[in-house]
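Dear colleague,

I am handing over the structure that we talked about, and it is shown just below. Please look through it before you read on.

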Amino acid sequence: DTAVSQTPKYLVTQMGNDKSIKCEQNLGHDTMYWYKQDSKKFLKIMFSYNNKELIINETVPNRFSPKSPDKAHLNLHINSLELGDSAVYFCASSPGSRNQPQHFGDGTRLSIL
Amino acid sequence: QQQVKQSPQSLIVQKGGISIINCAYENTAFDYFPWYQQFPGKGPALLIAIRPDVSEKKEGRFTISFNKSAKQFSLHIMDSQPGDSATYFCAASRGNNAGNMLTFGGGTRLMVKP
């Protein structure tokens, strides 16, 4: 069973469109995250979310918004896509306590035409 | 400002050799230092992690050395194997009871030659 799963695996779309990436974890974790990996492989935190608080990296544009229908899901919505949004987006989860290992999904490769 | 600096960017090692990757951090509030391994087309996977009250941690062929005063930590892979060829990331975080947001180094692409 896949612990952290993301859909779709690939997403190709036009500039200006709105798109969503879904993430589900079956580990019973309390905290979920979104990371962005750019073309140079640099990984950067975008959001951390559990049922108590949402922490947003201050560098993330407000076109990006996480939405969590329940504890096992954290979806990423992106409005008005720009060329610079092309990247691989990773979802991760961890227990909701201090400094626990994070488990990552296999990523969604977003390409903006 | 890059809070976690990682070197080298790429590394080629012969099979059976020792691979060494170094990281330095700036934020003294960081209290958790994991290393992740990433294969092409896959997400990062936790390899080993250390907390600053320990100077060294070993798991199988993988060892983390930690120098709190120098704000540096390193990963040593003993008896490197071709299957270890991957990209390695160091990371650091300051956790709370809601989780922890990782700050990653820039990554090291390791190639182990047979």
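Predicted model: local features only at pLDDT ≥ 70, side-chain atom pairs only at ≥ 80, totals over all residues.

Residues are numbered from 1 along each chain as its sequence is written, chains are lettered from A and ligands numbered from 1 in the order in which they are written, and side-chain values use heavy atoms, with hydrogens and water left out.

Chain A has zero helices and 11 strands, where helices (H or I, at least four residues) and strands (E, at least two) are DSSP runs numbered from the N terminus. The radius of gyration of chain A is 13 Å, close to the 13 Å that the globule rule gives for 113 residues, so chain A is as compact as a globular protein of that length; the radius is taken over C-alpha atoms, and the rule is 2.2 Å times the number of residues to the power 0.38. Along the principal axes, the C-alpha atoms of chain A fill a box of roughly 40 × 30 × 30 Å. Of the 113 residues in chain A, 43% are buried, which is to say under 20% relative accessible area, with exposed meaning over 50% and partly exposed in between (1.4 Å probe, protein chains only). Among the contacts in chain A (heavy atoms within 4.5 Å) between residues at least 6 apart in sequence, 54% join residues at least 24 apart.

Buried residues account for 46% of the 114 residues of chain B, and 53% of the contacts with a separation of 6 or more in chain B are between residues 24 or more positions apart. The accessible surface of chain B is about 5,400 Å², with 49% of it belonging to carbon and sulfur atoms.

Strand 11 of chain B (residues 108-113) has a covered face formed by T108(B), L110(B) and V112(B), and an uncovered face formed by R109(B), M111(B) and K113(B). Strand 11 of chain B runs parallel to strand 2 (residues 10-14), to which five bridges join it, and Q14(B) stands opposite K113(B). With strand 9 (residues 86-92) of chain B the arrangement is antiparallel, through three bridges, and here Y88(B) has T108(B) as its bridge partner. Two strands are taken to pair if DSSP finds at least two bridges between them.

In chain A, L76(A) lies in strand 8 (residues 73-78) and is buried, with a relative accessible area of 0%. Leaving aside residues up to four places away in sequence, L76(A) touches K19(A), S20(A), I21(A), W34(A), F47(A), F64(A), S65(A) and Y89(A).

Terms used: Areas by Shrake-Rupley, 256 points an atom, 1.4 Å probe, with all protein chains shown as cover.
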